[in-house]
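Trainee: I want to learn how to read contacts and cores in a model. Where do we start?

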Amino acid sequence: MELRIEQLDFEYASHPLFQQYSLALQAGVTWLRGENGAGKTTLLKLAGGALTPHSGKIWLDDIDIHAQPLAYRLRCYYCGGDTPQLPWLSVREMLDLHIGLYPGTDEAQLNAQLAAFHLMPTLDQPVTTLSLGQHKKMQLALALSLPVHLLLIDEPFNGLDVDAVAYLRQQLSAPQRLASQLILLTSHLDPQLPLTHTVQL
Amino acid sequence: MKTSYLRFRLRLARHALLQFAVSLRSSLEYILLGFAPVIFGLLACVALPGLFAATQPWPEALGLFAGQVMLASAPVWLLRKRLHPAAVLMWSRTLPVPARDKWLADAAVAALIVGPLTLAYATSTAIWLYQWPDWLRPVAPQALLLTAASLLLAWLLSTLTLAHRARTPAAQRSRHNRAAPSAYQPSCAVRNTANAAGMVPPSVAATASGAAKALGEATAYGAAGAPGSASHASSKAGLPYFWKQLFWLPFWRAENVVGIQQTLLLAGAIASIGAWMWRPAIVPPALWAAGAALTTMLLTDRGDKAVAEQIALLRPVAAGWPLNTERLYRLAMLFTLLPAACVLAWFALLTLGRQADGYSHTVAIVWLCFAAIAQIAVVALRRLSTRGRVGLVIGAIIILTAIGSELWN
């Protein structure tokens with residue numbers, strides 16, 4: 001399992017972020033470090049297919065993001081953003097939507113994650129009524145359950161309570177997950193996880 | 001504090017009205033360019049019910065008076081969510097603003113709307129006084145008093161509407177006494193996909209969730225295997241499911257009024273066509289034909305605009321989804337035509353579906369064909385400039401009205 005980024009160029013209006021940037025990552029946890037505005041979130045979005053680079057190539061398991069965009073996206077999930085992106089949906093509808101998007105999602109595993117994050121009572125609430133931490137937990141419950149090879153997690157510990165942080169660390173350190181998933185996460189603090197790579201932007 | 005809160009509320013209201021005017025600009029162009037004489041005629045008559053009430057016995061007079069008050073206070077009721085947005089309400093409830101200042105602000109904002117309306121009423125009243133019809137002469141003072149009273153009451157009602165919206169809601173217990181869900185089960189629409197992918201049955205899932213309640217308990221993999229190990233299903237939830245979640249639900253939820261707007265336009269178009277075919281004596285059929293053309297064209301135009309805005313909102317969110325979003329967006333655009341298709345089917349049923357009763361089948365067919373082409377053009381010609389689109393819609397309304405006016409000849 002490998003994520004390969006080659007000669008990536010990307011810039012916001014008059015603000016170049018990546019020029020001929022290359023990166024190769026294998027299964028396990030990669031910590032993406034950098035100061036505010038360094039491009040951590042942008043790199044996650046580029047790797048997830050949510051942003052299109054000006055030039056360069058991105059492969060996941062030899063699947064080219066441009067040649068096979070749907071097959072690529074089916075293998076990765078971007079977990080980020082602190083505000084609900086689809087504010088008209090309830091938590092249950094949000095989960096349904098992702099199960100519809102990612103066939104093969106394990107219902108039992110999703111239930112286990114929802115229970116562990118204490119999200120069951122919120123299932124019928126609109127996503128806009130969730131607190132910052134609950135919203136993060138909903139995204140993480142999905143991230144930990146979807147059958148993807150590449151997990152892109154933006155500031156995974158933001159807003160989480162102490163118990164949830166411990167649980168997330170345990171989940172992200174599980175040997176089976178480390179062997180079968182490539183986890184790219186950003187964090188300003190040391191994630192205290194068994195790291196395969198550390199990338200400084 | 002008093003002046004700053006009042007200033008803030010007035011500035012907020014002006015900003016909201018400006019935004020509303022901008023959002024309505026293209027619709028107003030259609031209506032004013034195509035139906036300006038009718039609009040000005042209606043404006044001239046706006047004070048008539050209140051003036052006429054003075055000539056009636058009290059039960060009828062009271063009905064007319066109440067109708068006048070409701071009509072004059074309707075704009076503030078319709079615009080209440082814009083004049084005092086929910087986010088501002090939530091934030092401003094914690095401010096130390098005295099109740100008196102809140103009432104003053106609500107009254108001032110209501111006056112911002114009722115004031116210009118009063119000018120329209122004054123103009124209309126002046127026209128009727130200038131006309132000086134026989135029925136008005138003996139009751140002119142009472143009629144003027146009734147009109148002034150109706151406007152004052154409308155102002156009061158508008159102020160109450162805004163104050164009611166701003167009140168802090170009482171804490172409410174859930175009406176449903178059902179227990180909190182203990183397990184998540186996908187809805188039927190996506191459940192088929194889950195079954196196709198070989199997911200575990202809900203009973204097993206519930207057991208797994210129960211076992212995982214203690215934090216730190218590593219049940220996730222034990223119950224379901226490693227991530228990525230589940231076989232990828234070849235089928236996904238169908239596009240109609242995603243259309244419902246991403247294009248139907250948002251138009252009916254929170255403060256989005258697109259669903260209601262489209263329902264009203266659809267009802268207006270169907271009612272106009274019904275009245276056009278029924279031909280009530282008091283209104284010329286051509287007016288119903290114009291109403292049918294206007295509402296049918298606005299139905300598709302407004303629907304298409306709402307869908308275009310929703311697509312713009314979804315694009316950055318859905319860019320990373322494993323979904324052929326372009327196909328979904330095309331489906332959403334296609335579905336924009338459905339309400340108008342229902343209207344055309346209704347027209348076809350009333351004209352072609354029965355024996356001609358003094359009207360021309362040929363004209364009905366021409367009207368139907370032109371209306372269908374115009375609807376498709378509105379949705380298909382997405383790269384038209386705003387002016388071009390206004391021209392297209394107004395042109396279609398005028399031509400449809402002209403064709404419709406020949407239906408009974």
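Mentor: Start with the contact rule. Two residues are in contact if their C-beta atoms, placed from the backbone, lie within 7 Å. Keep in mind that this is a predicted model.

Trainee: Which residues does Leu151(A) touch, not counting residues up to four places away in sequence?

Mentor: With those neighbours left out, Leu151(A) touches Tyr77(A), Cys79(A), Ala143(A), Gln181(A) and Ile183(A).

Trainee: Which residues touch the most other members of the largest nonpolar core?

Mentor: A nonpolar core joins buried residues such as Ala, Leu and Tyr through C-beta atoms within 7 Å. Here the largest one has 75 residues. Ala47(A), Tyr77(A), Ala141(A), Ala143(A), Leu151(A), Leu152(A) and Leu184(A) touch the most other members. A second, separate core has 29 residues, including Ala289(B), Ala292(B), Met297(B) and Leu337(B).

Trainee: What percentage of chain A counts as buried?

Mentor: Of its 201 residues, 50% are buried. Take the contacts in chain A between residues at least 6 apart in sequence: 72% of them join residues at least 24 apart.

Trainee: How many helices and strands does chain A have?

Mentor: Chain A has 7 helices and 9 strands. Its radius of gyration is 16 Å, close to the 17 Å from the globule rule for 201 residues, so chain A is as compact as a globular protein of that length. Along the principal axes, its C-alpha atoms fill a box of roughly 45 × 35 × 30 Å.

Trainee: How is chain B divided?

Mentor: Into domain 1 (2-166) and domain 2 (239-405). Taken over C-alpha atoms, the centres of these two domains of chain B are 30 Å apart.

Terms used: Residues numbered from 1 in each chain as written. Chains lettered and ligands numbered in written order. Predicted model: local features only at pLDDT ≥ 70, side-chain atom pairs only at ≥ 80, totals over all residues. Domains from an automatic or database assignment. Helix = DSSP H or I, 4+ residues; strand = E, 2+ residues; numbered from the N terminus. Rg over C-alpha atoms; globule rule 2.2 N^0.38 Å. Buried ≥ 20, exposed ≤ 12 C-beta atoms within 10 Å, placed from the backbone.
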